[in-house]
Amino acid sequence: MSTDTTDAPDIEQPVPAPGDDAVARLVHPRAIRWLHWINFPLLFIMIWSGMRIYWAEDVYAFGIGSWQWFAFFPDSVYETFELERRLAKGLAFHFAFGWLFVINGAIYAIYLAATKEWRHIVPDRHAAREAKDVVLHDIHITKTPPPQGKYNAAQRISYTVALAMAFVIVLSGFAIYKPTQLYPLPLLFGGYQGARLVHFWMTIGLLLFFLLHVVQVIRSGWGNFRSMVTGYQIERRSAASVFDDDTECTENRTSDETAEVTP
Amino acid sequence: MTIDPNERERELRAQVESAPTIPIEEFRKRSRRSFITGAIGVTGAVLGFRWLQNQPTDGGIPQTLRNQLERNETLWRNISERRSAPEFPVSKATPIQVNGRIGIRNEIDLAVWTVRVEGPDGELLDELDISTFEALPQRDMVIEHKCIEGWSSIVHWGGARFSDFHERYADQVGDVPYVSLGTPDGLYYVGWEMPAILHPQTMLVLREGGQPLDQEHGAPLRLATPNKYGIKCLKRIGVIRYSRERPADYWAERSYDWYAGL
C-alpha cells in the first residue's frame, strides 16, 4: 500500500562513490530519529504487557453472530511469544512504561507542530489520487511513481493513520485506566467496555501498520533504512539541481520556500 | 481540479530541498557516529531491561515497577479522591458472576456470624451482628463493578455507606489513615486508604438485586465500590481493623497494585 522510498527518482541510480558528484541531504532531523527509535521498544513493551493483561479475559473474536472464525488470540500465539499468564506483571509493566510511551509521543507531537515538520506527513489535497498511483506503481501496474516530497502520498496517509491510532490508543487507555477519575472520558468510547474494545482494535491496527512498515522498509533498501539512523540520504548533485539553479547555497534556503509550497 | 504535473513535482521537490546538504566525507563521519550511538543505545536498552527484570522484587514485581505503581497512586490521589463513578437505572443491572472464592470456600452459619471491629492498637472496639448494619441508613447503588481481569458488570447493590458505619468510631480512632478488612478465616484480606473507604460510593453491602446476598457473593456482609477493582471488594467481612500502617493486602502481596483505584 505505501512505500517508504524517499526520493524515489534517485532509487534507480547506483549510490555514488566518494569523490563522485554526490551530496548527502538531511531527510530525518535528529529529534525525529531519536523519538522514532525510542518509540519502537516502548510500543513493543506496551503490546507485550498489554497481551498479558488481555489474556486474563480474552473475549474478542472475528465472526458473525454465533459463528466464530478466529478468536483473539489462538493459544499458539501466546505460546509462540512465551507469554506466561501473568496479568499482574503485565499491569505493572503497562502502567510504568505507558508514561514513557505517552511522554515520547507528546514530545513528538510538540516537535511536529513547532517545526512544521507535520507538513511532510499530513496528506495534502492531492493525497488520495497520488496514493492510488503509488499503490499501482508498487504492484507494478504502472511504470512511474507519482511525484513526492519527503514522503509519498501513501506514506503520508498511512503515517497519519498510525499517529491517529496512537492518539486514540492513549485516550482509550486512560479511559480504561481511570474511568472514574477521568469520567466522562469513557463515554467517548461508549463506556468502559467500549474503551476496552477500541483499545484492543487500535493495538491490532498498530501491529498491522508495523508489519506493513517493516515490509516497505525492506523493499526500500538500505539507503532508506540508513537515513532513519544517520538522518541523511545520498543523492547526486546533478539530480538535486534539476529544479534548482543555485545548488551552492542550499543551506540558506529555508522556511520562506516551504511556506510557498504549502497549499 | 487539474494541476500541471511539472508544477506539482517542483512543489514537492522544493519541500525536500529546503533541507540542508553536507559533503559526502562529512556524511561518512556522521554516519559512523550515528551507528555507534545506535549500537550503544540498543545495548543500553537491552541491559536496562534485563536490569529491570532481574531486580529484587517487592510484592512479586521488580522494585522499580512497585515504586512506579506507588508514584501513580500518589499522582491519582492528588488529582482527585472525591470523584464519583456514574450510577445507572436499576433496569440496567444484571446478576454478577462469581469470580473469587478465597476465604469463602466453606459455607458458614449466618445466624452466628459476627464482625469484629478493632482499633489501631489492636483493641477490640465492638463485636457486631447483622442488626447493626441493617439499622444504618440504607441506600441502593447501581454501578459498574470492574474486575481487574477486564470484565465488568452493572450491579444493583443495597446496604449502608461505610462512612455511616465509621461515624460510630470516628471519635475513638481519630485520624487513622488506613482500614483493613478480612474474612473470618483470615485467608483473604484487603487494605484501604481512609479517603477511599469513606467515599460515598464505598458500601457495606447486604443485598444484591434487592435480595439478601448469596454466600458465594459474600453473605451476610461484603464491601462494594465502583472506584476500585473487585479485588478490593472483600466478601464475607469478618474483621474491620483501623490501622496506622499501610495494611497487608492479599493481591498486593501477589504482584498487584495495592491501590487498585479507578
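Biologist: How many residues of chain B are in contact with the 49 residues of chain A?

Modeller: This is a predicted model: local features need pLDDT of at least 70, side-chain atom pairs count only at pLDDT 80 or more, and totals for chains, interfaces and linings use all residues. Residues are numbered from 1 along each chain as its sequence is written, while chains are lettered from A and ligands numbered from 1 in the order written. Contact means that C-beta atoms, placed from the backbone, lie within 7 Å. For the 49 residues of chain A, the count in chain B is 52.

Biologist: Which element gives the most to the side of chain A that touches chain B?

Modeller: Helices (H or I, at least four residues) and strands (E, at least two) are DSSP runs, numbered from the N terminus. Elements giving two or more residues include β1 (22-26), α2 (30-55) and α4 (87-115) of chain A. With 8 residues, the top contributor is α4(A).

Biologist: Which residue of β1(B) stands opposite R25(A)?

Modeller: Strands pair if DSSP finds at least two bridges between them. β1(A) and β1 (residues 21-23) of chain B pair antiparallel over 3 bridges. There, V23(A) has P23(B) as its partner. Opposite R25(A) stands T21(B).

Biologist: And in β4(A), what is the bridge partner of R25(A)?

Modeller: β1(A) and β4(A) run antiparallel, joined by 5 bridges. In β4(A), the partner of R25(A) is Q233(A).

Notes:
Two residues are in contact if their C-beta atoms, placed from the backbone, lie within 7 Å.
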